[in-house]
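Thanks for coming. I will keep this short and go through one part of the structure at a time, so please have a look at the sequence and the model first.

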Amino acid sequence: MTLPDIRVTVFPDAQTAARVVAERIGQLLHDKPDVVLGLATGRTPIHLYDELARMTASRGLDWSKVTTFNLDEFVGLHPEEPGSYRRFMEEHLFRHTNLRPERINFLVGTADPDEECDRYERAILQAGGIDVQILGIGTNGHIGFNEPSPGLEARTHRITLQPETRRGNAALFGGQVDRVPTEALSVGMATILQARKLILLANGETKARCIAEVVHGPLTTMLPASFLQLHHDADLILDAAAASGLSLTREKAEGKREHL
Ligand code: PGA
């Protein structure tokens, strides 16, 4: 079997990219109302969630049969605590939709970590696996909280966050890095790669070096996102700044909606 290269689509700005991905998800909800979505937090998907919230209000997107699984959560934080990823998702997406609470799956940061990771893996299996996984990428190349390391974990696990990752999350904690938890629970690499489709969003110049390595570089556990090269259906959706380190054909650089 040959694997296609990661598909790269570049848009002039993050809002346009988010609009196109939101349209794609809207279409998916129409075509497969019981779709299983894997969701990500961070600054990057905010435009996407804003757009989905807007489309839900204006067009009545129906989320009632949709199941969601988020990628990660901080250890020690209650789902309702400020700074938790669960709270982030409530604010940016969940409360704007008619998603049923029992179909929203989230790692619980206050649960026993080992049992919680096993429970989550079982829940993903029981849901029939993830149809479409939305991903961001850290400036260090992490996906979910799979941090660069000599070895990566296949399944959902507890992980110590790298200083760069804690700095990247400081905004959720009033800008105070010290308040960012030191550990998290994260879906593992194999579970991410088992999603039927991956859509990784990246915006801004700070992501350009990583993105160039993901597309042109070798597979390496020191850049977990490089493992997207092993997936048969992975899309990289970039704004112009995040794509600035790539050597792209003119066609790709102009963005082609049919790639989605
Ligand atoms: P960001 O984080 O969207 O806030 O840059 C992405 C990530 O760390 O996965």
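Let me start with glutamate 73. Setting aside its neighbours within four places in sequence, glutamate 73 is in contact with Ser84, Tyr85, Arg86, Phe106, Leu107, Gly109, Ala184 and Leu185. Keep in mind that this is a predicted model. Glutamate 73 sits in strand β4.

Is glutamate 73 buried or exposed? Glutamate 73 is buried, and it has no salt bridge. The nearest side chain of opposite charge belongs to arginine 86, 7.1 Å away. What the side chain of glutamate 73 does have is a polar atom 2.9 Å from the backbone nitrogen of tyrosine 85. The backbone nitrogen of arginine 86 is 3.0 Å from a polar atom of that glutamate 73 side chain.

That brings me to helix α3, residues 85-92, where Tyr85, Arg86, Phe88 and Met89 are buried. Why are these four on the same side of α3? Because they cover an arc of only 160 degrees around the axis. The buried residues of α3 pack against β2 (36-39), α2 (46-59), β3 (67-70), β4 (72-74) and β5 (104-105).

Now the sheet. It is open and has 7 strands, in the order β1-β10-β9-β6-β2-β3-β5, with parallel pairing. β1 (7-11) and β5 stand at the edges with a single partner strand each, so one side of each has no neighbour in the sheet. Further in, strand β6 (residues 132-135) pairs with strand β9 (residues 197-202) in the parallel sense, over 4 bridges. As an example, glutamine 133 has leucine 198 in β9 as its bridge partner.

That is what I have for today.

Notes:
Residues numbered from 1 in each chain as written. Predicted model: local features only at pLDDT ≥ 70, side-chain atom pairs only at ≥ 80, totals over all residues. Heavy atoms only, no water. Buried < 20%, exposed > 50% of the residue type's maximum accessible area, 1.4 Å probe, protein only. Helix = DSSP H or I, 4+ residues; strand = E, 2+ residues; numbered from the N terminus. Arc of directions from axis to C-beta. Contact = heavy atoms within 4.5 Å. Lys, Arg positive; Asp, Glu negative; His and termini not counted. Salt bridge = Lys/Arg side-chain N within 4 Å of Asp/Glu carboxyl O. Polar contact = N/O pair within 3.5 Å; in protein donor to acceptor, adjacent residues only side chain to side chain. Pairing = 2+ DSSP bridges.
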